[in-house]
Amino acid sequence: MNESILLDPTAENAPAERARLPRPDNLNGKVVGLLDISKPRGNVFLDRIEEQLSAIGVSVKRYSKPTFTRPAPTELKQQIAGEVDVLVEGLAD
Amino acid sequence: MTSLPADGLVVVAKADCPTCRLIEPLLTELSAAGPLQVLVQDDPEFGASLPSTHFDQSLEHSWRLHTEFVPTLIRFDNGRETARTYGWDKAEWRAISGLTDLGEELPVMRPGCGSKTLEPGIAEKLELAFGDVKLQSREIDVSAEDDAIEACYARGWSDGLPVVPPTAVRVLRMLKGTQRDPQEVIGIMPPDLVPCTIEKVAINAVMAGCKPEYMPVLLAALEASLDDDFGLHGLICTTMFGSPMIMVNGPIAKAIGMNSGNNALGQGNRANATIGRALQLIIRNVGGGRPGEIDRATLGNPGKYTFCFAEAEDSDWLPLAQERGIPAGRSAVTIFPGEGVQGIIDQKSRDPESLARSIAESLRAVDNVKLAMAGDAVLVVAPDHARIFIEAGWSKQRLREKLEQLLLAPGENLVTGARGMAEGIPEKFRDKQVPKFRPGGLLIVRAGGTAGLFSAIIAGWAASGPVGSSPVTREVTL
């Protein structure tokens, strides 16, 4: 059976597309994670972001995936989710 | 669409069918004798030498002609069907075609094959494409996601357990379980106060894992939940424990295979499990009653996944639905704002007086031993306990009256502050004998396996009665 088209079980009050998680209004008191997916020069981009965030007093934590070819390991995702409020991912190329 | 002859013959065939192959040589003769339309379901090479062969690839013609077998021979006169036969039956084909020596060299009879329109999964697709039922729900394309079940999780449609992805074909099958129009609005669904159609019920029933034959019970349970007396809106939003629990009476319970015996309140029976779950998914998905949002339950209870069972009616006790006005022999659901299950173990009582006392003492724990007339309760009496009452000639009503009498308590023991506990009823009850339950607030059902001197208490919402929720019974109509 083709399962690519489903019928909406809801009252259809929300848009059909999956909603993004709400974005924070500002970064006051938030911890921002910077995830390097391990593509070349991603670190250059993220270093600059870290500089700018640190300059305005936002705490930053750095992470990196072992390889850009695969999804992040579960342990890394759980670690990031437990440590930061916001995550920026560097998709450099 | 190719038009069919107003006067003439139609043959529906399948190249894959040996009987169709058997009659294929006759088509030339039939075609020479008058207008003939051949509809072939699977292979355009079949009968291709004839001018009027149509490859019915979409199966629309076959479906509209209600074809069940191939070959099927139909005669039309003045645009109306006047004769039909299927398979190869020499006498019938000769009579319908008027060709008295048709198929002389063929055997007298050969059965045909099933029409492609009836193959599993095809019939529903054809009905969706060409039939009268038009599903109205928004189509959600999840083709970019590799697993439809995960896609349902991602959209927040699940109670935490996997749901069956609600495809149009599955929803159509579910709708076969009811005669009601898919677009009929069954009621206004709280807490978002949105109209809930039969179609939305069917979608959520698919996701819960229901069979179509469960639909009448689910619809009755939903209607009962939406009765103003039940107060579903408040029940969904409360910080307290309760949630709709469904008790089923009457022949429908056996007909759809519900469990009223061993482990009646537990897992493992599809009807019990999925009817209760479907109601919860409707609350979640249609009503918008999601925990942490408008469902403010502090602890909740496991029945909020599903809580549905049938009463064991094989005794002298009057079934719950009949006590509540439904005639014998009819089916009904009773909806109750149930919490979890509190077992009562009494393996020593052998007479009704002792057992009633023991049950009454256990019932004091509903809400708080110091609260009264707050929450209703369902007492589930398992057969071994029920037998002690029944053999002594006690009806349910007599047991209820005895329990009410035993549960009368001196107000001085229950008022705020009494016995060193701040919780309690208002001071004005100090000099009164106080009933534990409001009038009509104690329901008794018989269910469970035949071994075990046990009963169980399912407490209701502490806001029972007109201030919150009253149990509602609704007949199941097929």
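Q: Two strands pair if DSSP finds at least two bridges between them. In which sense do strand 17 and strand 20 of chain B pair?

A: Strands of a sheet pair through backbone hydrogen bonds, either parallel or antiparallel. Here, strand 17 (residues 377-381) and strand 20 of chain B pair in the parallel sense, over five bridges. One example to look for is B:Ala377, whose bridge partner in strand 20 of chain B is B:Leu442. Strands are DSSP runs of E with at least two residues, helices are runs of H or I with at least four, and both are numbered from the N terminus.

Before we go on, this is a predicted model, in which local features need pLDDT of at least 70 and side-chain atom pairs count only at pLDDT 80 or more, while totals for chains, interfaces and linings use all residues. Residues are numbered from 1 along each chain as its sequence is written, with chains lettered from A and ligands numbered from 1 in the order in which they are written.

Q: What is the order of the strands in the open sheet of chain B?

A: The order is 16-21-17-20, four strands with mixed pairing. Strand 16 (341-345) and strand 20 (442-446) of chain B each have a single partner strand, so they stand at the edges and one side of each has no neighbour in the sheet. On average, neighbouring strands of this sheet are turned by 25° against each other, direction ignored.

Q: Which strands does helix 14 of chain B touch?

A: Helix 14 (residues 352-363) of chain B packs on the sheet and touches strand 16, strand 17 and strand 21 (454-459) of chain B. The direction of helix 14 makes about 30° with that of strand 21 of chain B. Such angles run from 0 to 180 degrees between N-to-C directions, with axes fitted to C-alpha atoms, for helices over the stretch in contact.

Q: How many residues of chain A are in contact with chain B?

A: 15 residues of chain A are in contact with 28 residues of chain B (contact: C-beta atoms, placed from the backbone, within 7 Å). Strands take part too: three bridges join strand 1 (residues 5-7) of chain A to strand 10 (residues 139-141) of chain B, and the two run antiparallel. Across this pairing, A:Ile5 stands opposite B:Asp141.

Q: What pattern does chain A follow along the sequence?

A: Chain A has two helices and four strands, and they come in the pattern β-β-α-β-α-β. The C-alpha atoms of chain A fill a box of roughly 50 × 35 × 25 Å along the principal axes.

Key: Two residues are in contact if their C-beta atoms, placed from the backbone, lie within 7 Å.
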